[in-house]
Amino acid sequence: MKFLVLTILSTFLTIKVFASTLVSHKAYYKLLLEKTESNSLLEGGEGNSTFYFQKGCEGWTLKENFLLSYSLSNNKTSNTYSIFKTFEDFSSKNFSFEHHDKSDVNGIINYQGYLKKKGNNLSGKLIESDITDLNYQDKILLPTEHLIKLLKYAKNNKKILYSNVFFGSSKDSLIKKVSAVIGNKKKIKSDFRKKVKDRYVWPINLAFFNYNSKKSSPETQIKIDIDQGGVVYNYEVDYGDYKMYANLVKLDSLTEKKC
């Protein structure tokens, strides 16, 4: 029993150590859309996004804004504005999410929800025009919990991580199966070195599958360069018929709240 208690305590302290290395920051990205399939309706596009990540007294707050303008093959444009917010407590037992999306193509999407996790049981609500119960019995990580584990793997020179992750960013696919392949650490080629803890990043390839799907090919693939503090310097999203490239253009350090 003593050994079991010490093991649990050691694991808890390890999680706290890695969680403390995440830095509160606000990152600004320039987005570029590029057509990859000849029969795609998309010709290209551009936009901007901001990523806000801050440590509070009880957990981590995330807010991500997207503004995208798509150039279509019929000489028309389509605009999308999206806001996604989450809160995750330090124990990764409580999680809330909120998504607002306004698109010329898909109209308006608004929903929110929350989850409580106890062991492998996740339960909560999805709130839109109706309220839907959420219940899952599986080993499922929350987003910051997954990030901490991913960075821990990278620091320990582990190369592959498979996870089920509840993101909440897509109403029809709240959970994703995530396959991560972690590359070797490399030097940052950036002007933001003074605002980060390290001069190195890990290149990581992420493949996202629908939680209930048995397909062998991912629905989305993302390549990122990320440092030990959780700052992403650039990323590339492969949607199949087009890709989105994001480059960090500005980085602000955020003061953590005194509790």
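## Polar contact of Lys176

In this predicted model, the side chains of Lys176 and Asn210 are joined by a polar contact of 3.3 Å. Lys176 belongs to strand E10, which covers residues 175-182.

The relative accessible area of Lys176 is 11%. Buried residues are those under 20%, so Lys176 counts as buried.

Neighbours within four places in sequence aside, Lys176 is in contact with Ser163, Asn164, Val165 and Phe167, and also with Phe208, Phe209, Asn210, Tyr211 and Glu219. Asn210, one of these contacts, is also the partner in the polar contact of 3.3 Å.

## The disulfide

How many disulfides does the model contain? The count comes to 1 disulfide. Cys57 and Cys259 form this bond, with an S to S distance of 2.1 Å. The torsion about the S-S bond is about -95°, so the disulfide of Cys57 and Cys259 is left-handed.

Cys57 sits in the loop between strand E2 (42-55) and strand E3 (59-72), while Cys259 is in the segment after strand E15 (242-253), so the pair ties together parts that are 202 residues apart in sequence.

## Accessibility of the two cysteines

Cys57 has a relative accessibility of 45%. Cys259 has a relative accessible area of 70%. Exposed means over 50%, so Cys259 is exposed.

How values were computed
Residues numbered from 1 in each chain as written. Predicted model: local features only at pLDDT ≥ 70, side-chain atom pairs only at ≥ 80, totals over all residues. Heavy atoms only, no water. Helix = DSSP H or I, 4+ residues; strand = E, 2+ residues; numbered from the N terminus. Buried < 20%, exposed > 50% of the residue type's maximum accessible area, 1.4 Å probe, protein only. Polar contact = N/O pair within 3.5 Å; in protein donor to acceptor, adjacent residues only side chain to side chain. Contact = heavy atoms within 4.5 Å. Disulfide = S-S within 2.5 Å.
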